[in-house]
Amino acid sequence: MMKVLDHLEEWLITFLIGAATAIIFVAVVHRYASGFSVPGVQDWLLTLNFGWAQELCIIMFVWMAKFGAAYGVRTGIHVGVDVMINRLDVAVRNKFIVFGLLAGALFTGIVGTLGATFVWENGAHYAIYKTLGLATGDVPEGPTTPDLEWPTWIVYSAIPLGSTLMCFRFLQVCWSFVRTGELPHHDHGHVDGLDEEPALNAPGNEDKIFRMDDDLHPSDRDGETRP
């Protein structure tokens, strides 16, 4: 089940950023190409309306950012300052890490709950009642976006959905850390498709810089700290 959720998360982020990039590219090319006086072609281009492209791309990037934040928690790519935490004893350090993860889960859980309330009152209430054939009474229909004329509650749904997923990822990472003592780690220097570099402790690499056990300072192989 977790694998399915992971793949859906990755596919959604990939689709959103890829589609938004393609739409922006087409809209920009259309704008500049429409300025050239090419008989027949210019008239055809001017009949095409891309006034909705900017609004759609903004919506897609917002959704991508919300779900990308949850992906960042799962894979450990969020930037954090942990120099002081790494200097603490292991037991104390682990408590601070758990506290930080639970604090992140609490914050995103609150945002997700408040976001869900906002979406419900912004038109989702009306849409669901109408879909189910229930009486809407004086429930407001809710506003729509200027260009696409989409119900804004659909756009704002990125907040409760993304924040709730992010809350779940914080709890998932916390539970994994309690069981294994390890946090997800992303190597920012790794590029997919490139051959792996030889290990630093491989024969012939004795002159390379090695890290100390605390992972705070570079050091020589003999353990002396380098300037």
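**A chat about the helices in this model**

Me: Hi! What follows H5, and what is its phi like?
Reply: H5 is followed by Gly133, which has a positive phi, near 75°. One thing to keep in mind as we go: this is a predicted model.

Me: Thanks. And where does H5 itself bend?
Reply: Helix H5, covering residues 90–131, bends at Gly123. The bend there is about 60°.

Me: Let me step back a bit. How many helices and strands are there in the chain?
Reply: The chain has seven helices and two strands. Reading from the N terminus, the order of the elements is α-α-α-α-α-α-α-β-β.

Me: Back to H5, then. At what angle do H5 and H7 pack?
Reply: The angle between H5 and H7 is about 160°, and their axes lie 7 Å apart. Angles over 145 degrees count as roughly antiparallel, so H5 and H7 are roughly antiparallel to each other.

Me: Which way does H5 cross H7, left-handed or right-handed?
Reply: H5 passes H7 in a left-handed crossing. Sorted by class, the residues of that contact are 18 nonpolar and eight polar, with no charged ones.

Me: What about H1 and H7, how do they pack?
Reply: Helix H1 (residues 2–33) packs with helix H7 (residues 158–180) at an angle of about 135°, and their axes are 13 Å apart. That angle makes H1 oblique to H7.

Me: Which residues make that contact?
Reply: On H1 they are Met2, Leu5, Asp6 and Glu9, and on H7 they are Leu165, Phe168, Arg169 and Gln172. By class, this contact of H1 with H7 has four nonpolar residues, one polar and three charged.

Me: New topic: where does Ser34 lie?
Reply: Ser34 is in the loop between H1 and helix H2, which spans 41–46.

Me: Is Ser34 buried or exposed, and why?
Reply: Ser34 is buried, because its relative accessible area is 10% and buried means under 20%.

Me: So which residues is Ser34 in contact with?
Reply: Setting aside neighbours within four places in sequence, Ser34 is in contact with Gln42, Leu45 and Leu46.

Me: Last one, for the chain overall: what share of residues is buried?
Reply: Of the 227 residues in the chain, 29% are buried. As for contacts between residues at least 6 apart in sequence, 64% of them join residues at least 24 apart.

Key
Residues are numbered from 1 along each chain as its sequence is written. This is a predicted model: local features need pLDDT of at least 70, side-chain atom pairs count only at pLDDT 80 or more; totals for chains, interfaces and linings use all residues. Side-chain values use heavy atoms; hydrogens and water are left out. Axes are lines fitted to C-alpha atoms, for helices over the stretch in contact, and angles run from 0 to 180 degrees between N-to-C directions. Helices (H or I, at least four residues) and strands (E, at least two) are DSSP runs, numbered from the N terminus. Angles under 35 degrees count as roughly parallel, over 145 as roughly antiparallel, 65 to 115 as roughly perpendicular and the rest as oblique. Contact means heavy atoms within 4.5 Å. Ala, Val, Leu, Ile, Met, Phe, Trp, Tyr, Cys and Pro count as nonpolar, Asp, Glu, Lys and Arg as charged, and the others, Gly among them, as polar. The bend at a residue is the angle between axes fitted to the seven residues ending there and the seven starting there. Buried means under 20% relative accessible area, exposed over 50%, partly exposed in between (1.4 Å probe, protein chains only). A crossing is left-handed if the near helix is turned anticlockwise from the far one by less than a right angle, and right-handed if clockwise.
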